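Please look over the sequence and the model shown here before reading on.

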Amino acid sequence: MITRRDLIKVSIAGAAVPLASAKIISAADTLFPERFEKQNIRWVFIVDTKKCVGCGMCVKACKDENEVPYDANITRTWVERYVLTKDGQVFADSPKGARDGFTGKKIDRGEKGFHDIKDEEIQKAFFVPKLCNQCESPPCVQVCPVGATYKTEDGVVLVDRKWCIGCGYCIMACPYGVRFFHPVHRVAEKCNFCYHRITKGMKTACVEACPFDARMIGNIKDPDDPVTKIIQNERIAVLKEEYGTNPQVYYLGMSKEVR
Amino acid sequence: MIPIEVHGEAWTLKELFTYPNEYIYWTIQIVMYPFMTGLVAGAFVLSSLYHVFGIKQLKDMARFALVFSFALLPVAPLPLLFHLQQAQRNINVFMTPHFTSAIAAFGLVFATYGALVAYEIWFVYREHLVKTALSLRDKADKTMSENVRYFVNNFLTFGAYDISEEAIARDEKSVKLLASIGIPIACFLHGYAGFIFGSVKANALWMTPLMPVIFIMSAIVSGVALCMLTYIIVMELRKLLADRKKPSRFHVTPDDLKSAEINEIKLTSRYLLLFMIFAISLELLDLIFRGYTAVKSWDILRSVIYGKDFANIFILQYLIGNLLPFAMFLLPGLTIRRTVIGTLLVLFGVFMMRWNVVIGGQSFSLTFAGYMHYVLPVIPHNMETYKEGVFGALTVMATPYVLFWLLNKIFPVFIGETSH
């Protein structure tokens, strides 16, 4: 015969099993189911500098995709060229963000004009693509006085064009110089890993455009993602670690001359 | 296709290796912003010297400085509005303040300070307001302007007509209390402007915990100097007027004014010297410390400080803006003329200090391998080059005087004073 005591015991034990497997979810998660999904995603980027040839296809594709005026002297992503001479000098440039690729050998030094380096003087040279690092501790988000720039659950820093007051504090706070004022919208603008694409299962415009697979995007929370595997197994570096921003664009084949 | 001009491109010249998006984004208006808030804070601290520390000789100057500080107050956010790309959205700072940002607190700090100064002025002028209102009330057949004056004064009494001795004593006590609270708030208002710069870790020149303190000290210096200068100008004008119509309203002769003027000036200049010593010491400490520790950024900073910006920093700021006026105030037999030149130089020096911080901080690239030159737009060719050019700055600079003129109508700075 089942006593009252037994009944309580059994029901508690029976309830404990399904309860233990349940996960506490917040009200916000139930209201925004996509946010719940995003908690299992952290977008990261890999740049393999050894594969980059400085063709600038990524810059072009980015400008087209994200409606950044083609001829305006600002860009969400760019490619830098580094030339090291035998006497130990470092030259670097990124004319028009390398939108048209590096077509000549002369180094663009802005107001100082162009500098010609003879082939026999060159020790080594390489290209380094740059884009927003989607930092884990983004200083741009910290300093925005109105909260118009924010980090999403899946790690991408976005700008709300309808709320930004255009004070430029975020531009000042970014150690990587990725931010600028959009010439048409007149608010802060930056690379957002083509958020409109990646959230729909597509690759970023620059990744699609790169003919040499120098750029890769992936989800570091997914252990099977090829990007995660590279980060786990290869020797990688990030830019300007000393600022404590915890950048999430990882570089293969990095060199100490890179600024 | 005509290339679209990027914000900053009109006045930035880039040299050597800079990132493609780098321009001088913070320009003359951001130089004006700390300069103007500095004047506000400095003027207030000067007025507090009398109210809190009871330095009796500064009585006239104190009342003057208080009203002037209030006139300067609305002008502090003006350069920010000129600077914002979306100025119409400025209210967002109050609507959704994001408190991890140093700028977010601006609205709060500014409003608190404004309210405090307004209260203080009210207590200082309550007796005057009541007296004016009562005398006008009794007057038959008032003229139009008298009617307006009566209405304004009567309204501003807010119904508090008690001007018995006890009530006035209570007023004075309140003024003292408000002035004491005001000093830390004034320092906060401005120290916080320094924090906006000092906390930008991406900028090698700005990032130092000394920045807020340096800003406060130079703020007081500039505020005191501007009060002295404006005080002299007003006194000289009054002397001229007193000369013309001998039996004036308050029966003061030019000689009375002259002795009062030089007394106030001599005493104030001593406080100016004191704060100048603090300001210069801190700035030099910062410079020496940077050179001594010589971290990664020092190479580029050195090339900016001792090379590209040498004239701006060492000649215009330190020599002409600090050393020269310092010597002028220190030499015995201070005259009004020497004071005018001295205060002008001090103001110039503080302006150059702001310039060298704001523009100097952006004159080198984040790459530490390139430079940017700022070409100040003089003749505006569009709204942007007006707002962020010479004329925009002049607009900001002239506004407080217009406001001061208006405020002086209601809160006359010189009432019932005599020589000391």
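This is a predicted model: local features need pLDDT of at least 70, side-chain atom pairs count only at pLDDT 80 or more; totals for chains, interfaces and linings use all residues.

Q: How many residues of chain A are in contact with chain B?
A: Contact here means heavy atoms within 4.5 Å. On the side of chain B, 49 residues take part. On the side of chain A, the number is 58.

Q: What area is buried between chain A and chain B?
A: Carbon and sulfur atoms give 59% of the area buried between the two chains. In chain A, the residues that lose the most area to chain B are A:Ile165, A:Tyr169 and A:Met172, together 17% of what that side buries. The whole buried area between chain A and chain B is about 4300 Å².

Q: How many salt bridges are there between chain A and chain B, and how far apart are the closest N and O atoms of A:Glu242 and B:Lys296?
A: The count of salt bridges between the two chains is three. A salt bridge needs a side-chain nitrogen of Lys or Arg within 4 Å of a carboxyl oxygen of Asp or Glu. A:Glu242 and B:Lys296 form a salt bridge, and their closest N and O atoms are apart by 3.1 Å.

Q: How many residue pairs are in polar contact between chain A and chain B?
A: The pairs counted have both residues at pLDDT 80 or more. Their number between chain A and chain B is 33.

Q: Which helix gives the most to the nonpolar patch of chain B?
A: The patch covers about 470 Å² and is made by B:Tyr306, B:Phe310, B:Ile315, B:Leu319 and B:Leu323. One helix, spanning residues 310-330, gives four residues to the patch. That helix of chain B is H11.

Q: Is B:Leu323 buried or exposed?
A: B:Leu323 is found in helix H11 of chain B. Its relative accessibility is 55%. Exposed means over 50%. B:Leu323 therefore counts as exposed.

Q: Is A:Cys194 buried or exposed?
A: A:Cys194 is found in the loop between strand S10 and helix H7 of chain A, and has a positive phi of about 45° although it is not a glycine. Its relative accessible area is 6%. The cut-off for buried is under 20%, so A:Cys194 is buried.

Q: What phi does A:Asp213 have?
A: Most residues other than glycine have a negative phi. A:Asp213 lies in the loop between helix H8 and strand S11 of chain A. Although A:Asp213 is not a glycine, its phi is positive, at about 55°.

Methods. Residues are numbered from 1 along each chain as its sequence is written. Chains are lettered from A and ligands numbered from 1 in the order in which they are written. Side-chain values use heavy atoms; hydrogens and water are left out. Patches are made of residues with over 30% relative accessible area and no salt bridge: like charges are joined within 9 Å, nonpolar side chains (Val, Leu, Ile, Met, Phe, Trp, Tyr) within 5 Å. Accessible areas come from the Shrake-Rupley method with a 1.4 Å probe; for residues, only the protein chains shown count as cover. Helices (H or I, at least four residues) and strands (E, at least two) are DSSP runs, numbered from the N terminus. Buried means under 20% relative accessible area, exposed over 50%, partly exposed in between (1.4 Å probe, protein chains only). Buried area is the accessible area (1.4 Å probe) that two parts lose on being put together, summed over both. A polar contact is a pair of N or O atoms within 3.5 Å; within protein, one must be able to donate a hydrogen and the other to accept it, and residues adjacent in sequence count only if both atoms are side-chain atoms.
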